[in-house]
Amino acid sequence: MNSALELFARKGYHNTKISDVVKAAGVSQGTFYWYFEGKEQLAVRLIENGKEKLTQVIEQGYRKHAGSVDDMVSSSARLLTDLFEFADHNRNLMAILLIKGQGADPLIREAVSGTWIAFEEAFKNNVNRAIELDMLPHFTDVSLRVNILVSLITGVLTKWLFGPMHDVDYKSAYRPSEIAEETARFEFRGLLG
């Protein structure tokens with residue numbers, strides 16, 4: 001599975017053949033078909049496994065008690081640091097989710113979309129909890145605000161991980177905690193800081 005994940009991230013889904021995967025993994029095609037019906041099932045399983053891990057990172061930010069604005073910024077920075085560290089350690093998965101999975105077959109695109117829907121829903125649960133604790137005002141359209149927040153986070157994440165050319169091997173000058181802290185400040189304070 002790790003070999004397939006790396007190949008999908010580097011070559012894309014369509015340009016990766018099962019023969020490439022088994023060669024990289026050092027197994028036979030028979031072994032591959034013992035575990036998977038085909039490349040599509042393998043890709044969907046990789047994405048589903050990644051979705052579970054990704055949403056677990058976000059769910060850790062669910063608030064248990066109220067706090068100040070500074071506390072919210074600090075908590076958000078911790079959550080985003082965990083998210084950026086997860087993304088950095090799972091760069092190949094993130095490449096599929098953010099840049100390589102968009103042009104794949106319908107089932108793959110559906111799995112990628114399902115991941116981002118779950119990602120946004122996890123953030124929405126966190127925002128709703130902050131509203132329940134009177135840490136944030138009651139918005140008329142929480143979904144819209146969460147959509148904007150998630151767009152900010154995924155945009156920053158994509159540029160930080162892969163740079164302007166969407167290079168899987170790109171290395172940012174910023175550590176996960178640095179980019180997370182700036183993103184959290186922007187999340188709550190905007191351009192004024």
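Predicted model: local features only at pLDDT ≥ 70, side-chain atom pairs only at ≥ 80, totals over all residues.
Phe8, Gly12, Tyr13, Ala43, Leu46, Ile47, Ile96, Lys100, Gly101 and Ile108 line the largest cavity, and the helices that give two or more residues to this lining are H4 and H6. Residues are numbered from 1 along each chain as its sequence is written, and side-chain values use heavy atoms, with hydrogens and water left out.

A cavity here is a set of points, on a 1 Å grid over the protein atoms alone, where a 1.4 Å probe fits but cannot get out, and a residue belongs to the lining if it has an atom within 4 Å of a point. A search of the whole structure finds 1 cavity of 30 Å³ or more, and the volume of the largest cavity is about 60 Å³, where volume is the space filled by probe spheres set on the grid points, which are joined across faces, edges and corners. H4 provides the largest share of this lining, 3 residues. By class, the lining has 7 nonpolar, 2 polar and 1 charged residues, with Ala, Val, Leu, Ile, Met, Phe, Trp, Tyr, Cys and Pro counted as nonpolar, Asp, Glu, Lys and Arg as charged, and the others, Gly among them, as polar.

The C-alpha trace spans about 60 × 35 × 25 Å along its principal axes. Of the 193 residues in the chain, 44% are buried, a word that stands for under 20% relative accessible area, while exposed stands for over 50% and partly exposed for values in between (1.4 Å probe, protein chains only). Among contacts (heavy atoms within 4.5 Å) with a separation of 6 or more, 67% are between residues 24 or more positions apart.

The buried residues of H5 include Met72, Val73, Ser75, Ser76, Leu79, Leu80, Leu83 and Phe84. An α-helix has 3.6 residues a turn, so residues three or four places apart point the same way. What covers the buried residues of H5 includes H4 (39–59), H6 (91–100), H7 (106–132), H8 (142–162) and H9 (176–189). For H7, the 27 residues should span 39 Å, and the end C-alpha atoms are 38 Å apart, which agrees. Just after H7, Asp134 takes a positive phi of about 60 degrees.

The largest pocket has a volume of about 740 Å³ and is lined by 27 residues, of which Ser76, Val127, Leu136, Glu187 and Phe188 lie nearest its centre. The elements that give two or more residues to this lining are H5, H7, H8 and H9, and the largest share, 7 residues, comes from H5. The lining of the largest pocket has 14 nonpolar, 6 polar and 7 charged residues.

The second largest pocket has a volume of about 250 Å³, and its lining includes Met1, Asn2, Leu46, Lys53, His89 and Arg91. Helix H1 (2–11), H4 and H6 are the elements that give two or more residues to this lining, and H4 gives the largest share, 4 residues.

Two single residues complete the tour. Thr158, found in helix H8, is buried, with a relative accessible area of 13%, and, not counting residues up to four places away in sequence, touches Leu98, Ile99, Gly163 and His166. Ala25, in helix H2 (residues 18–25), is partly exposed, with a relative accessible area of 40%. Ala25 and Asn2 are 23 residues apart in sequence and 8.1 Å apart in space, C-alpha to C-alpha.

Note on methods
Expected span 1.5 Å × (residues − 1). 1 Å grid on protein atoms, 1.4 Å probe; cavity = no way out; pocket = protein on both sides within 12 Å on 5 of 7 lines; lining within 4 Å.
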